[in-house]
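Have the structure open as you read.

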There are 2 protein chains.
Amino acid sequence: MSTGETRPPVSGVRAGIVVTGTEVLTGRVVDRNGPWLAERLRELGVDLAHIAVVGDRPQDITGALRFFRAEGVDLVCTSGGLGPTEDDLTAQVVADFQGRAMHLDEALERRIWAILEPLLTRWPDLDADALRHSNRKQAVVPDGATVLEPVGTAPGLVVPPAEGADGPTVVVLPGPPRELQPMWGAAVETALFRDAVTGATEYRQHMLRLFGIPESEIAATMRQAREAGIPLDDLEITTCLRRGEVEIVTRYEPRYQTVYEAFDAVIRERHADTLFSDDGTSVDLQVAALLRGERDAATTARTIAVAESCTGGLLLGRLTDLPGASDYVLGGVVAYSDDAKQRVAAVDPALIVQHGAVSQAVAEALADGARSVFGADVGVGVTGIAGPGGGTDEKPVGLVWFSAAGPDGARLTRSITVPGSRTDVRDRSTTVALHLVRRLLLGER
Amino acid sequence: MSTGETRPPVSGVRAGIVVTGTEVLTGRVVDRNGPWLAERLRELGVDLAHIAVVGDRPQDITGALRFFRAEGVDLVCTSGGLGPTEDDLTAQVVADFQGRAMHLDEALERRIWAILEPLLTRWPDLDADALRHSNRKQAVVPDGATVLEPVGTAPGLVVPPAEGADGPTVVVLPGPPRELQPMWGAAVETALFRDAVTGATEYRQHMLRLFGIPESEIAATMRQAREAGIPLDDLEITTCLRRGEVEIVTRYEPRYQTVYEAFDAVIRERHADTLFSDDGTSVDLQVAALLRGERDAATTARTIAVAESCTGGLLLGRLTDLPGASDYVLGGVVAYSDDAKQRVAAVDPALIVQHGAVSQAVAEALADGARSVFGADVGVGVTGIAGPGGGTDEKPVGLVWFSAAGPDGARLTRSITVPGSRTDVRDRSTTVALHLVRRLLLGER
């Protein structure tokens, strides 16, 4: 049924990740830690097979730890469950799992208090007893564990198996990404961690990004590469469709470098017109660099402004996501009502009457309006029907018109009918708009 | 170390979820299926302990299935791996796991072709052979499985254990949420699914949302409730901090209704000033209903417009996220540069010179400007320093000023210093702004 899988390289060192939290299990919070830790482990050459997302029940956390021990992994990283509330139990559960008693680390308690005490000034109504209670709870640690200093208020832990016992070393990290990420470096530096990952394999990884083709075309290319004798089984190739772009990620051991290069050459030859990134950069970063005049043929810095309708601010939100965006983003208008298109984005109301608000003419007028209202070099106009209501036979839900206008009459305009939900249409449209701006800045006409 | 966990109710029927895809494992795609399926299973009274996120390697998918079988679950749901590419192997892996051979379902192949054929018109360059190959792959199904009709092009499957064997029934669903979610209803209706979940326990669930207090205060309240004799162990209580709000989710069997009511009363009494939602509604939905004149004392519909700086379009993006937002959102301006604040949001440049762009005066001027420029009833102004650069001792990174202005001189203005990264500051600020608008619409002054 399949022409064959790409057989992955397997490292000598294996790890598992346990993400705890009922709020993550039920999706009220999106897990950012599992994938982030996965990437860090891969960079270290550690093979990762599973992320287990578990609720806050001790038996479920223990179940995941037991699974990883049974799978024979060398290292387990946990995130979450180190906070002050009653459902934060990870330290105790991991201690029990490793057969280690807990003790109060009084010096650690004092260091945490030095972090907490200023909160009493900031929140005068705060219950000082509650805070001291949280403080003490967070300073109780398993015997034999290495403590990782708190980034917020919760210390992390590296907990080895009991003396003489087999099993994985467990790295216990806090849930908030802004605490977990800075703490990772300290975890990696501990002797316990280093011991656990001795012998990890080196991997290389490359990402290619394409825009404007269906994923099935990549499948066909891979079949052709295989038929042409390229041993793709030596590579771990993953393709995925993300925000309207196809990403091809290839990971391999250094000895398969020439196999990768052969595969890479096939992609470049067959998909030259849609391959836009071979250095890991997103279209967001490329547009930012082009606007700064620091990429490809773009040697002149440009400012940009947006007039968007159906995307409702998301294109501007995406353009301003990068630090320093104020160097080139002057601003924009969200012209949701027809009246606003006229009053704030300088769209001639006759165009709306004649062509409708979702039309090539209005997209171009929005792009021109953005340029003139903000005095920007580049103007972008987006107008469409995000749904779920408002569609007609002639102009269905998902129809979006885009226009990008630059100096000297440069202009690119296109429409696309984006499938999916209101959220899909709005999000995907920001990708299409960025690619249009990229092409304009690269000089396509 | 802890005053005790909340012991959760355990249903007689247990399930596991396997989310497949190296792109999910490595975080290039955020998993939306695991949490969504978790909620659906909980609604059915099925107890869920783990979501396993696994790469595309067959042995890793099998490892997760073996884990769930060893844990004794009755049902496993998988998502992903049904697509046309070579790394899409889930159907084969599940068939092998259940000890079932595969066969080509020719009628299914024809039904899938009827979906695929029109693509050849839409993408004239498409490789028809590649498409037929994908078609056939997706129509090869395990013996004895119930086929779930494709929503996209991939059929789902409900695959029972081999005749006479024990083990979970496996529901195989596609990865794209827009295909998985509509297919779920069909899966639940199959006889195989119904048999697997016979005897599930009923649960009730309530969510309370609070804004403006630290999570540790809830921990203190729970200790007090326990000391007052409320048996919280009969409830499964989860607290979490999400986008600046504290959520308390309580799940319990119907026989503990009075315990829940006692706990609920304690929260309402101690946190009356910060509890803003007891019916599951988000602040987004509340603001939308207030603007429509359909909630609380708000009987007059109002229009809204925004002038935002550091949030760069995200507040508008959030306001326009809800279907039908065009009924009350007129639009807004993202006034990133000082010049744009003056030209597009009608801010007196003297205010910027005198007070600085991040100041109470400019936030108020932006709110007024949004009202006047768009002719809206309510105007919102946001100006702050998202970072990582641009902070000073007096005005640090994270300082954001908010103002909401309504008819008859109504106005609320506040500042907050938001901790965290640029992304945190921008996202959290949209929450603060929505709460300010909510209070204004509720008549607070």
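In this predicted model, Ser216(A), Ala219(A) and Ala220(A) of helix 9 of chain A meet Ala130(B), Leu131(B) and Ser134(B) of helix 6 of chain B. Sorted by class, that contact comprises four nonpolar, two polar and no charged residues. How do the two helices pack? Helix 9 (residues 215–227) of chain A and helix 6 (residues 128–138) of chain B make an angle of about 100°, and their axes are 10 Å apart. Angles of 65 to 115 degrees count as roughly perpendicular, and helix 9 of chain A and helix 6 of chain B are therefore roughly perpendicular to each other.

Stay with helix 9 of chain A for a moment, as Glu215(A) has its place there. Is Glu215(A) buried, exposed or partly exposed? Buried would take 20 or more other C-beta atoms within 10 Å, and exposed 12 or fewer; Glu215(A) has 18, so Glu215(A) is partly exposed. Leaving aside residues up to four places away in sequence, Glu215(A) touches Thr239(A), Leu241(A) and Val246(A) in its own chain, plus Gly83(B) and Thr85(B) across in chain B. With Val246(A), the separation is 31 residues in sequence and 6.4 Å in space, C-alpha to C-alpha.

Now for the sheet. Four strands of chain A form an open sheet in the order 10-11-9-12, with antiparallel pairing. Strand 10 (236–242) and strand 12 (275–277) stand at its edges with a single partner strand each, so one side of each has no neighbour in the sheet. On average, neighbouring strands here are turned by 30° against each other, direction ignored. Strand 9 (residues 204–211) and strand 11 (residues 245–252) of chain A pair over eight bridges in the antiparallel sense, and Phe211(A) has Glu245(A) in strand 11 as its bridge partner.

| Helix of chain A | Strands touched | Direction angle |
|---|---|---|
| Helix 9 | strand 10 and strand 11 | about 160° with strand 10 |
| Helix 10 (residues 257–270) | strand 9, strand 11 and strand 12 | about 165° with strand 11 |

Zooming out to the two chains, 94 residues of chain A are in contact with 94 residues of chain B. On the chain A side, these divide into 44 nonpolar, 30 polar and 20 charged. Strands take part in the pairing of the chains too: strand 2 of chain A and strand 2 of chain B run antiparallel over five bridges, with Val53(A) bridged to Ile51(B).

Helix 2 (residues 33–43) of chain A buries Asn33(A), Gly34(A), Pro35(A), Leu37(A), Ala38(A) and Leu41(A). What covers these buried residues? The cover includes strand 1 (14–20), strand 2 (47–54), strand 3 (75–79) and helix 7 (177–189) of chain A, along with helix 1 (22–25) and strand 2 (47–54) of chain B. After helix 2 of chain A comes Gly45(A), which has a positive phi, near 80°.

Last, the cores. The largest nonpolar core has 157 residues, and those with the most contacts inside it are Ala370(A), Val380(A), Ala370(B) and Val380(B). Another core lies apart from it, with 102 residues, including Ala52(A), Phe68(A), Val46(B) and Leu180(B). As for Ala370(A), its contacts beyond four places in sequence include Ala305(A), Val306(A), Ala307(A), Gly332(A) and Val380(A).

Conventions. Residues are numbered from 1 along each chain as its sequence is written. Chains are lettered from A and ligands numbered from 1 in the order in which they are written. This is a predicted model: local features need pLDDT of at least 70, side-chain atom pairs count only at pLDDT 80 or more; totals for chains, interfaces and linings use all residues. Two residues are in contact if their C-beta atoms, placed from the backbone, lie within 7 Å. Ala, Val, Leu, Ile, Met, Phe, Trp, Tyr, Cys and Pro count as nonpolar, Asp, Glu, Lys and Arg as charged, and the others, Gly among them, as polar. Two strands pair if DSSP finds at least two bridges between them. A nonpolar core is a set of buried Ala, Val, Leu, Ile, Met, Phe, Trp, Tyr and Cys residues joined through C-beta atoms within 7 Å. Axes are lines fitted to C-alpha atoms, for helices over the stretch in contact, and angles run from 0 to 180 degrees between N-to-C directions. Angles under 35 degrees count as roughly parallel, over 145 as roughly antiparallel, 65 to 115 as roughly perpendicular and the rest as oblique.
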